[in-house]
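The exercises below concern charged side chains and their surroundings. Work through each task before reading its solution.

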Amino acid sequence: MSKLYTLLLTLCLLAPALLKAQDMTRVRQTIDTLTSKSMYGRGYTFEGDLKAAKYIRSRFIGMGLQPVPGGSYFQEFSFSVNRILETPQLQVDGQTLVPGQDFVARASSGSGTGKASILMLDTLIFSNTRAAEKFFRQNFTNKALVYPQQEQKRLAQLPVHYQQLLQQAKLHIILQPGNLLTTVARQQEAVPVLEVLQGAWPQRAKEVYFEVRADLNPKHQAQNVIGFIQGSQHPDSVLVFTAHYDHLGSQGEGVYFPGANDNASGTTMLLELAQHYSQSENKPTYSMAFIAFAAEEAGLLGSFHYVQNPLFPLSQIRFLLNLDLLGTGDDGLMVVNGKVHEQEFELLQRLNGQHQYLPQIKSRGKAANSDHYPFSEAGVPAFFFYTLGGTAAYHNPQDHARQLPLTRFPEVFKLINDFAAALMATEAN
């Protein structure tokens with residue numbers, strides 16, 4: 001570390017924090033809005049993601065943020081996505097299971113309805129040729145094939161003609177040993193697939209009745225939302241703050257995935273930072289871009305699209321901070337790319353040590369697990385922050401606003417501001 005950098009760091013550590021207290025009432029209101037049923041999980045049914053994008057744009061406009069020069073608040077793109085249009089139904093031997101609690105449709109499920117007799121997978125097919133031949137001589141047409149989640153990998157390794165026979169089943173039921181976890185699918189399977197909690201599945205089940213209505217939209221329109229503040233002294237140097245606002249959407253009217261921690265929390269932090277720097281007394285010396293990405297859950301599509309179509313040169317980005325899963329913090333903060341950008345990670349550690357914001361800050365190397373990744377691959381220095389401890393709700397209907405503790409939200413906000421101030425101070429000197 002250079003002597004100049006050390007001096008600037010020391011001055012930053014010794015300077016008193018001038019931040020106003022975090023408006024946690026506003027924070028809670030933002031998270032409540034983003035997770036409300038009216039946005040249907042910020043996904044691909046009932047225009048949930050579009051409603052969230054318009055809300056974020058309205059917040060940017062209300063703060064006085066501008067579009068990137070020559071651009072607009074929305075950066076549009078399209079992709080294919082499978083949607084569960086109606087709340088799935090499942091009865092087992094006449095017993096009705098509760099959608100969203102006992103079972104969900106798999107994100108890639110096809111459509112189907114009707115009755116089917118239960119056929120439990122015989123796991124001997126993986127090790128015994130005679131057992132496999134006997135099992136696959138059956139007629140699968142009117143069967144509901146039932147198997148544990150842990151067998152999916154071995155099923156995918158079966159000979160192709162066996163896999164084709166399994167696709168003749170009327171329904172696939174995957175038994176999940178723990179929480180129901182779902183995702184976003186860009187393709188649709190040939191058969192309807194339901195994921196059912198092992199504990200909710202009746203023993204010695206014989207027959208099911210089911211309804212699944214799915215639709216593959218080949219050109220879903222999505223939009224990144226971008227607000228910009230021009231720097232007062234170094235407008236061509238840019239600090240970028242990012243967070244994905246999308247989540248998993250809904251399965252009809254009856255089941256939706258609120259996505260409070262993932263990632264209403266990070267989106268709210270993005271808006272709080274934009275609010276702070278939009279105030280005249282906090283106007284930054286660098287330019288700042290605030291980017292709320294779409295389609296992260298579909299495979300980082302929004303951030304890949306941005307990197308391939310940047311609205312200003314990527315070389316102007318001094319540093320990027322990606323904010324995802326910031327609703328806890330009991331056990332501190334994880335910094336992805338902390339082992340890549342060691343000097344900046346050391347700066348974070350020193351700032352945290354000076355002010356005791358968080359119990360610990362841990363570091364990881366490269367990981368393709370959020371929207372920082374396409375930028376890192378393009379050579380942009382970037383960190384991905386996520387908090388540790390607290391809620392375990394993830395990718396299920398239980399990730400709602402009321403259970404989100406926001407344990408260290410104000411402290412993470414202050415740490416980010418201190419970090420940004422230190423980065424901007426290096427160029428000022």
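**Exercise 1.** Is Glu-189 buried, partly exposed or exposed?

Solution. The model is predicted, so local features need pLDDT of at least 70 and side-chain atom pairs count only at pLDDT 80 or more, while totals for chains, interfaces and linings use all residues. Residues are numbered from 1 along each chain as its sequence is written, and side-chain values use heavy atoms, with hydrogens and water left out.

Step 1. Set the classes: buried is under 20% relative accessible area, exposed is over 50%, and partly exposed is in between (1.4 Å probe, protein chains only).

Step 2. Glu-189 has a relative accessible area of 23%, so Glu-189 is partly exposed.

**Exercise 2.** Which side chain meets Glu-189 in a salt bridge, and where do the two residues lie?

Solution. Step 1. A salt bridge requires a side-chain nitrogen of Lys or Arg within 4 Å of a carboxyl oxygen of Asp or Glu.

Step 1. The partner is Arg-106, at 3.5 Å from N to O.

Step 2. Arg-106 is in the loop between strand 4 (103-105) and strand 5 (112-120), and Glu-189 in the loop between strand 7 (171-176) and strand 8 (193-197); the pair links distant parts of the chain, 83 residues apart. Helices (H or I, at least four residues) and strands (E, at least two) are DSSP runs, numbered from the N terminus.

Step 3. Arg-106 is also partly exposed, at 23% relative accessibility.

**Exercise 3.** Which elements hold Glu-344 and Arg-318?

Solution. Step 1. The closest N and O atoms of this salt bridge are 3.9 Å apart.

Step 1. Glu-344 lies in helix 9 (residues 342-355) and Arg-318 in strand 15 (residues 317-323), so the pair ties together parts 26 residues apart in sequence.

Step 2. Glu-344 is buried at 12% relative accessibility, whereas Arg-318 is partly exposed at 22%.
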